[in-house]
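Please look over the sequence and the model shown here before reading the notes that accompany them.

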Amino acid sequence: MICRIDPTMLHPGLPWMWAGPVLLGVVLLAFWAMLRPVGPPRAAWRGPVLTPPGGLTLTVLRLVVLLAFLFLVTAGFIGTPVPSSNIATVLTWTVWWTVVIILVLAAGTAWCAICPWNTLAVLLVRRSLGGTGPSDSTLDLKVPRVLRSVWPAFAMLCGLTWLELGVGVTLSPVATASLAVVMVILATLSLAVFERGAFCRHICPVGRTLGCYSQLAPIALRPRDQDVCDRCTTLDCYHGTPDTPPCPAGLTMGRFAQSTYCLSCGACVSGCPHSNVAWRLRGVADEAAQGARPHGDEAWFMLGLLALASFHGLTMLPLWDDAVRALGRLIGDSTRLLASFSIAMAAGLALPLAVYAGVITVMARLTGRGGRALSANLAFAVLPVAFTDHIAHNLTHLVREGANAGYVLLDPLGSHGIPDALEYHRRMLLTLLPDAALFTLQATLLLGGFAVAMIILRRRGQSLGLSGAAMAPMVLFLAAA
């Protein structure tokens, strides 16, 4: 059965004691967003913070993460097939995928700098950890136009969601390890064939997700002094040097306005002859509100993140299994219900995208603005809603299943035997936080995400000459999301 009813995977949603205040807050924030005048844009940067790690420090971090990754893959292949007792499935799906998203707010795309997929690819192709290597180690072809966007990454993200929730890859240590190997193969082939970091920029679902969310982060890699970059003629951050690789994302430090594609890899830090690269502070979501440039494919990727976050939450509701079973009976699906799940997933992802398209159409007719400009600009407002939905959903898994991670760390391969039903049930009853604390945290996240969305919407609306009731359709869309 594809849609297995597992009490540890179901969640009825926020009780009314928490949902009620969230709804009230959403209503108040919606009226505030439409009625209060928008002030002038604030200064983008607050000053330099610190020099990012580079050289030996990054090399050590990459090695540590790579060794941990290789151990997890090995555990997936040779350890117990029981997912709750194998460190590969527990650490990957319960811990890592939650923590790496939360860390975006503190470190942006820093995970990309130590990603084991790319580290292995660089080792295999360049035969180094730093990205420098023999000039003939890659074909260095230009990325085909069909791949030169974030649509491949969005397709990968949808595919991973289908594998996770439909096929059940998260419930199989072997499948989890196999998926990790496939990602390494894709990264390696991409690096061997295409110029720079084509996999990271266009294909990697994790990197593009972190890149989009990093536009909300209050910290980013930027020049210490913009004038120094403006006077630079060598552009070592872009071209690289004999001792440092070129920027894998093809970015020039003094000229890019958003962190979407920055991999925090440290190439610009090591290569800049003026030591002019730093982590700099800014306001939360300043980049999404007024700094980032709107692009069509990125806008739909952000909407896709919202659709996927909502879909994950939907599948945790008790009614989801009943709905898929009913669809299976209607279309005569087999007992595995894979076709029924696939249809329901496609509908679940298409609905918010179609509603957004409708909202943009209505706003374009009401305001006389171009639909493409509205769509690309206003999509930034969905980012904080998707981000907080993502974290709120994953926190449920982490809090309810995270206590089991301690037992698995003591026996990562499950070699001491599988816990009996009573012991497994006892572990599942152990939570990292009481329900009241979890609900409070989730309610705070959801309300905070909507508040930031209203701030972004107001700023983006201001840039388009929109205000007040003209933004009502978008406010309603974000409130419903």
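This is a predicted model: local features need pLDDT of at least 70, side-chain atom pairs count only at pLDDT 80 or more; totals for chains, interfaces and linings use all residues.

**Helix H7.** Helix H7 takes in residues 151-167, and because its 17 residues at 1.5 Å a residue should span 24 Å, the 23 Å between its end C-alpha atoms agrees with that expectation. The buried residues of H7 are Pro152, Ala153, Phe154, Leu157, Cys158, Thr161 and Gly166, and these pack against helix H9 (198-203), helix H10 (205-213), helix H15 (296-315) and helix H17 (338-367). Just after H7, Gly168 adopts a positive phi of about 90°.

**Thr260 and Cys212.** Thr260 lies in the loop between helix H12 (236-239) and helix H13 (267-271), whereas Cys212 has its place in helix H10. Both count as buried because their relative accessibilities, listed below, fall under the 20% cut-off.

| Residue | Relative accessibility |
|---|---|
| Thr260 | 2% |
| Cys212 | 3% |

The side chain of Thr260 makes a polar contact, at 2.8 Å, with the side chain of Gln258. When neighbours within four places in sequence are left aside, Thr260 is in contact with Arg208, Gly211, Cys212, Ser214, Gln215 and Glu287. Cys212, with its own neighbours within four places in sequence left aside, is in contact with Thr260, Phe301, Met302, Leu305 and Leu383. As for a separation along the chain, Cys212 and Leu438 are 226 residues apart in sequence, and their C-alpha atoms are 26 Å apart in space.

Notes
Residues are numbered from 1 along each chain as its sequence is written. Side-chain values use heavy atoms; hydrogens and water are left out. Helices (H or I, at least four residues) and strands (E, at least two) are DSSP runs, numbered from the N terminus. The expected span of a helix is 1.5 Å times one less than its number of residues. Buried means under 20% relative accessible area, exposed over 50%, partly exposed in between (1.4 Å probe, protein chains only). Contact means heavy atoms within 4.5 Å. A polar contact is a pair of N or O atoms within 3.5 Å; within protein, one must be able to donate a hydrogen and the other to accept it, and residues adjacent in sequence count only if both atoms are side-chain atoms.
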